[in-house]
Protein chains: 2
Amino acid sequence: MAPTIKDVAEKAKVSTATVSLVINDSKRISAETKKKVLKVIKQLNYHPSKSARDLVSQKTGNIGFILTDDHFLRTEPFYTRIFLGTEFEARTGNYYILLATIPSDYGDKNTLPRFILQRSVDGIIIAGKVPNAFITKLQEYDLPLVFVDYKPEMQKSPLVLIDNIQGGLLAATHLINYGHRNIAFIGGDISHPSIRDRLTGYNRALDNSGIKQNKKFVHTSSSYPNRQNGYDAAKILFSKNKNITAVFACNDAMAIGVMHFLRDNGYSIPQDVSIIGFDDVEADLLIDPPLTTIRVPKFDLGAEALRVIKESIKNSNTKNKIILVPVELIVRESTKNIRKK
Amino acid sequence: MAPTIKDVAEKAKVSTATVSLVINDSKRISAETKKKVLKVIKQLNYHPSKSARDLVSQKTGNIGFILTDDHFLRTEPFYTRIFLGTEFEARTGNYYILLATIPSDYGDKNTLPRFILQRSVDGIIIAGKVPNAFITKLQEYDLPLVFVDYKPEMQKSPLVLIDNIQGGLLAATHLINYGHRNIAFIGGDISHPSIRDRLTGYNRALDNSGIKQNKKFVHTSSSYPNRQNGYDAAKILFSKNKNITAVFACNDAMAIGVMHFLRDNGYSIPQDVSIIGFDDVEADLLIDPPLTTIRVPKFDLGAEALRVIKESIKNSNTKNKIILVPVELIVRESTKNIRKK
DNA sequence: TCATTTTAGTTAAACGTTTAACCGAGATAA
DNA sequence: TTATCTCGGTTAAACGTTTAACTAAAATGA
């Protein structure tokens, strides 16, 4: 069996309290005793048991990470990247991450993740959209919470969000800087906050440059922003408008769909039409031409969330902190400068 | 504060021992008392504290997952997929997964992951190659171990491995079935067991079909099996052999490199040369033509590892279990049937 | 009928820490 | 000189469970 604090105490001829005080670096211990105890600790290769510590300290050293099961299983590894970012950050800290998924149709009859009921986490990171019923039930246990990439309606908790407005601004400004004026926006469900924000950024960029907003250039729909719907959206948009020279798609999947449509219809990219996406997924580099996009640092989102929850655990007065994680313009080959030299 | 077993006991007018026995479904309790206690438990929404349980039971309900930091940070998410597979499987079980990375140059001066020293895991999954120094140090704590995608030299532990021989056989057989006879093998470091096994499978397929093995068709080198080295290998191979009609690359990265070389040199795929890879990475679907390959179920590897370690914890006599996880042939468009109809 | 076994529960120790309360000895202050 | 404070430690309770050992009552057996 592994040595306990008692073994150390006996061998060092002090009380277990003294050993504990040494471990926890109390000033109540003389340099001499401290040295002696430390020596025995090293000799025995003693390490305090986490279970015992957890019990008496009423802390756990664990952080829960919760997302819906379909977010976890999505082929595009958006939320799992966030999770890995949290894990990454946790490696060097003093917390372990416990993962749980909840059904995306979580209702009143559903139970909470085990680690909440059993009190084995000190705080919780919630990634992506989760059902309100879940949040409501969660509130009874007043655990520190932080939401990543989702802004719940009611709950007052720290938020770690992508700076979508800035991203939209960056994307549209890039196109404008390249001399484009007839710039289309292709988005999915406009009621989704991140898509709405990206559109806001787009509009703001046009305003900044004195370009008039043109409703006909903006296509949104309630459908899911995937490749197919990007394709379809482009079909509609280009059948009605012949003068579009650039497209800002609300994510890379749609951008790739747009690209396919244009390719299928004899446009060449970026010669005839420039395209910029949003996300920075692996596929961007593998298509031809590689897609210019706005990089969303998923890994960083997860890492940042951990930092925030750790702070929340320390000082509980960080309730309404909002962290906007900056995005980055990645210029590749799907956008072309059409200014005359 | 959350209710404790004491609260339940008082309210139900029994001892805490009785409550505990009820929770743990002992037969020593009458149906009547059991019902009464259960009712109070529900009323108070009582759930036993994991910390307390862990301490007294000398179990932790946690499994450690260890890999080297560079495996964790690799762009190609091979090992992180395995990790996510383990997490996936763990969601429905009674274990939590604690992640730790070790330096890939782990030496004697390095320390072991915190969860080992603090005894907060009941068993450990080790993914990918890890330094021997690490394994040696690990052995002092006799924790149940299982290795995934790596066969350590000494350590006797259960293994969860990819069935590489079967995969090589599958790949080469597919090409043979498509009428190819001059089939090249492009691999990286042949001393790496998985690459060696894939080559073995390839050879076995040739033997099975009575095709003579041709050394000139096999190219291996000690370099890392990435895209660039695939490109270079193809250059060498095709400059010396004009009659190759199909290539089996030891992984998809190399296969894509091969494809690029052939493209750059006027070959068209699969008309002139068929190509098959190994892994099934996301990129396969995005290149043109989509790559035929052998799918390695990374997720399943991780899930299987968890099952094995759980069993190892129960019965410690599973030391030399070896699980070969089957792979799957995924036919896409980079291979062509050249048999005459 | 009385000894024995079974049943259904209780008591109390144990798991390995932390920490409030205590204590004796030496230093300081009045 | 004596009261008070500081220093460096110890004692013992507490955290919330599980479980071995115990017990009283009921059932069984001869």
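1. Which helices of chain A and chain B each supply at least two residues of the surface near DNA strand D? In this predicted model, the helices that do so are α2 and α4 of chain A together with α2 and α4 of chain B. The largest share of that surface comes from α4(B), with 3 residues.

2. Around DNA strand D there are 25 residues, of which A:T18, A:S30, A:T33, B:I5 and B:S20 come nearest. By class, the residues of this surface divide into 11 nonpolar, 10 polar and 4 charged. Of the atoms of DNA strand D within 4 Å of the protein, 64% belong to sugar or phosphate, while the rest belong to bases.

3. Individual contacts to DNA strand D come from both protein chains. A polar side-chain atom of B:Y46, in turn, lies 3.0 Å from a sugar or linking oxygen of DNA strand D.

4. DNA strand C is surrounded by 25 residues, and the closest of them are A:I5, A:S20, B:T18, B:S30 and B:T33. Sugar and phosphate account for 64% of the atoms of DNA strand C that come within 4 Å of the protein. Here α4(A) gives the most to the surface, with 3 residues, and the surface as a whole has 11 nonpolar, 10 polar and 4 charged residues.

5. Phosphate oxygens of DNA strand C are approached by polar side-chain atoms of A:S20, at 2.5 Å, and of A:R53, at 2.8 Å.

6. Helix α4 of chain A spans residues 50-57, and its residues A:K50, A:S51 and A:D54 are buried. Seen down the axis of α4(A), the buried residues fall within an arc of 100°, so they line one face of the helix. What covers them includes β1 (62-68) and β2 (96-102) of chain A, together with α4 (50-57) of chain B. Just after α4(A), A:Q58 takes a positive phi of about 60°.

7. As to the overall layout, chain A is divided into domain 1 (5-48), domain 2 (62-162 + 300-326) and domain 3 (164-296). The C-alpha centres of domain 1 and domain 2 of chain A lie 38 Å apart.

Notes
Residues are numbered from 1 along each chain as its sequence is written. Chains are lettered from A and ligands numbered from 1 in the order in which they are written. This is a predicted model: local features need pLDDT of at least 70, side-chain atom pairs count only at pLDDT 80 or more; totals for chains, interfaces and linings use all residues. Side-chain values use heavy atoms; hydrogens and water are left out. Buried means under 20% relative accessible area, exposed over 50%, partly exposed in between (1.4 Å probe, protein chains only). Helices (H or I, at least four residues) and strands (E, at least two) are DSSP runs, numbered from the N terminus. The arc is that of the directions from the helix axis to the C-beta atoms. Contact means heavy atoms within 4.5 Å. A residue is near a molecule or strand if one of its heavy atoms lies within 4 Å of it. A polar contact is a pair of N or O atoms within 3.5 Å; within protein, one must be able to donate a hydrogen and the other to accept it, and residues adjacent in sequence count only if both atoms are side-chain atoms. Ala, Val, Leu, Ile, Met, Phe, Trp, Tyr, Cys and Pro count as nonpolar, Asp, Glu, Lys and Arg as charged, and the others, Gly among them, as polar. Domain bounds come from an automatic or database domain assignment.
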